Amino acid sequence: MSPSVVSASWLPATVATAAGGEEGFVTPGVSSFWWPIIPLDGEGPWTITRPAIVLLISVALLAWFYVGATRKLTVVPSKNQFLVEGSYNFVRNTIGRDIIGSKDFLQFVPLLLTLFTLILVNNLFGIVPFIQFPTMSRVGIPIVLTLIVYITYHTVAIRRKHGVLPYFKSLIPPGLPGWLKPILFVLEFLTYFIIRPLTLALRLFGNMLAGHLMLLVFILGGEYLLLHGGNIFLQFSGVLAFAFSIAMTFFELLIEFLQAFIFTLLAALYISDAVSEHH
Amino acid sequence: MYIASLAAAGETTGFPSGFPLLPHPAEMVIGLIAFGILYWLYKTKVVPRLEELYEERAAAIEGGMQQAEQAQAEAREALEKYTAQLAEARAESNELRESAREQGAQIVAEMRAQAQAEAARITESAKRQVEAERQQAVVQLRQEVGALSTALASKIVGESLEDEVRQKGIVDRFLSELEAGDITPEKVTPAGQDV
């Protein structure tokens, strides 16, 4: 299931198809992320894909870890509990309390913790051997998470501002001249209803897709050069590409954590905007 | 298997080639389910348990702080007590030392007085003894001088003045005149020369 396995099954196939032509290497693209496991309807919309399976595995892992570790909590923490508390503290205090404010943050902690742990584990799966698939590189999953955040912060805002119209009114900052109000309203409306969800979903998706694609290019390209490179120079380039892919993997590790953090942080920021009396 | 089919039918309208970037419905549904399960678990189990732990810990820390405060107060009290006791003991010892010094001085003074008295007494008795001895010596001397002078005079005069009463009267008179300074020594000239 690792990229090396991908290439092993992939390259001969592509080579076989391109047997007539001169070109043997097919660069990995977006189609490399299409990976049906249980083809319920072939290539249709209801086929169970690999990211879906990975996502379910991550949920099982997280549930096992968090529910299991919190079953017997002690005032003086054990090793597992320390990890649980560390991650929980990070989401609860650094993201939740510091951004939403100590008055309202507690009700959003489960949401933020779910977002953070789910995204983090799925991102890390991008470089975990044998899983090696960043779930968030399939755009549907970040969209779902963004939708949840989107619905949450609008619902909270409408409830806090007592209705849809007051909510729209609150989008315009007070103390503006009359002619500026419509322009600003349009801008704010676009920000709150279109730009924020769009950027939230696409940032996560794009980072994960691009990062993994880059790893694929270096690993598959390196392998192709090493195995099919005509001369020693090309083969050496393949080794170089492998080395670079290892460096990129560490870089990916940073990106994966950062993206999980940013997504959760922005979700908290949008919610804090919604709970504040005037924005 | 799939790749092969993809390669064989390059123009399929399936998800990878037809809509490579479109959100895949099955993935979205599973994503929603995954999120739902995790959210439910966190909300009903993980977060309440951890929050409970936090409260417990805060209570424990608060209790510990109270206990520490109490212990500190107790320690302060004990310290004050000990300091007071120490000061008391020091004052007492000072007093004792002072009184001992006074007593010592008194004893020394007493001893000195006693010794002085004793010395005075000894001196006095010695003086008295010396006086007595002197008196005795004077008496004896007087007798001897009397006897000698009498003897001398009798030899000179050639006449024995043996008569004790007379002798004694003359000598005594002479000596007392001598003591009173009535008689001044005079030059004795030989009888024959002057006449």
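This is a predicted model: local features need pLDDT of at least 70, side-chain atom pairs count only at pLDDT 80 or more; totals for chains, interfaces and linings use all residues.
Residues are numbered from 1 along each chain as its sequence is written, and chains are lettered from A and ligands numbered from 1 in the order in which they are written.

Let's begin with confidence. For the complex, the predictor gives an ipTM of 0.83 and a pTM of 0.67. Residue by residue, its confidence is the pLDDT, which runs from 0 to 100. Chain A has a mean pLDDT of 85, with 91% of its residues at 70 or more; for chain B the mean is 82, and 79% of its residues reach 70 or more. Helices and strands here are DSSP runs numbered from the N terminus (H or I over at least four residues for helices, E over at least two for strands). In chain B, confidence is lowest in H1(B), with a mean of 44, and highest in H3(B), with 91.

Please read the starts of both chains with these values in mind. Over residues 1-22 of chain A, pLDDT stays under 50, and the model has 25 contacts beyond four places in sequence for that stretch. A contact is a pair of residues whose C-beta atoms, placed from the backbone, lie within 7 Å.

Two packed helices are described by the angle between their axes and the distance between the axes. The axes are lines fitted to C-alpha atoms, for helices over the stretch in contact, and the angles run from 0 to 180 degrees between N-to-C directions. Angles under 35 degrees count as roughly parallel, over 145 as roughly antiparallel, 65 to 115 as roughly perpendicular and the rest as oblique.

On the H3(A) side, the contact includes Val91(A), Ile95(A) and Ile99(A), which meet residues of H8(A) including Leu265(A), Ala268(A) and Leu269(A). By class, this contact divides into nine nonpolar, three polar and no charged residues; Ala, Val, Leu, Ile, Met, Phe, Trp, Tyr, Cys and Pro count as nonpolar, Asp, Glu, Lys and Arg as charged, and the others, Gly among them, as polar.

H4(A) also packs on H8(A), at an angle of about 160° with the axes 8 Å apart, so H4(A) is roughly antiparallel to H8(A). Among the residues that meet here are Phe116(A), Ile119(A) and Leu120(A) in H4(A), and Phe257(A), Ala260(A) and Phe263(A) in H8(A). The residues of this contact are 11 nonpolar, three polar and one charged.

H4(A), residues 109-124, has another partner in H2(A), residues 50-69: these two pack at about 125°, with their axes 10 Å apart, so H2(A) is oblique to H4(A). Val54(A), Leu55(A), Ser58(A), Leu61(A) and Leu62(A) in H2(A) meet Thr117(A), Leu118(A), Val121(A) and Asn122(A) in H4(A). The contact has six nonpolar, three polar and no charged residues.

Two loop residues of chain A deserve a look at their backbones. Most residues other than glycine have a negative phi. Phe130(A) has a positive phi, near 75°, and sits in the loop between H4 and H5 (140-160) of chain A. His162(A), in the loop between H5 and H6 (164-171) of chain A, has a positive phi of about 55°. A residue is buried if 20 or more other C-beta atoms, placed from the backbone, lie within 10 Å of its own, exposed if 12 or fewer, and partly exposed in between. Phe130(A) is exposed because it has 9 such neighbours, and His162(A) is exposed with 9 as well.

Finally, turn to chain B. Its secondary structure comes to five helices and zero strands, and buried residues make up 9% of its 195 residues. Where does chain B touch chain A? Helices H1 (2-8), H2 (15-18) and H3 (25-157) of chain B each give two or more residues to that side, and H3(B) gives the most, with 24. In total, 37 residues of chain B are in contact with 43 residues of chain A. The chain B side divides into 26 nonpolar, five polar and six charged residues.

Notes. Two residues are in contact if their C-beta atoms, placed from the backbone, lie within 7 Å. pLDDT is the predictor's confidence in each residue, from 0 to 100.
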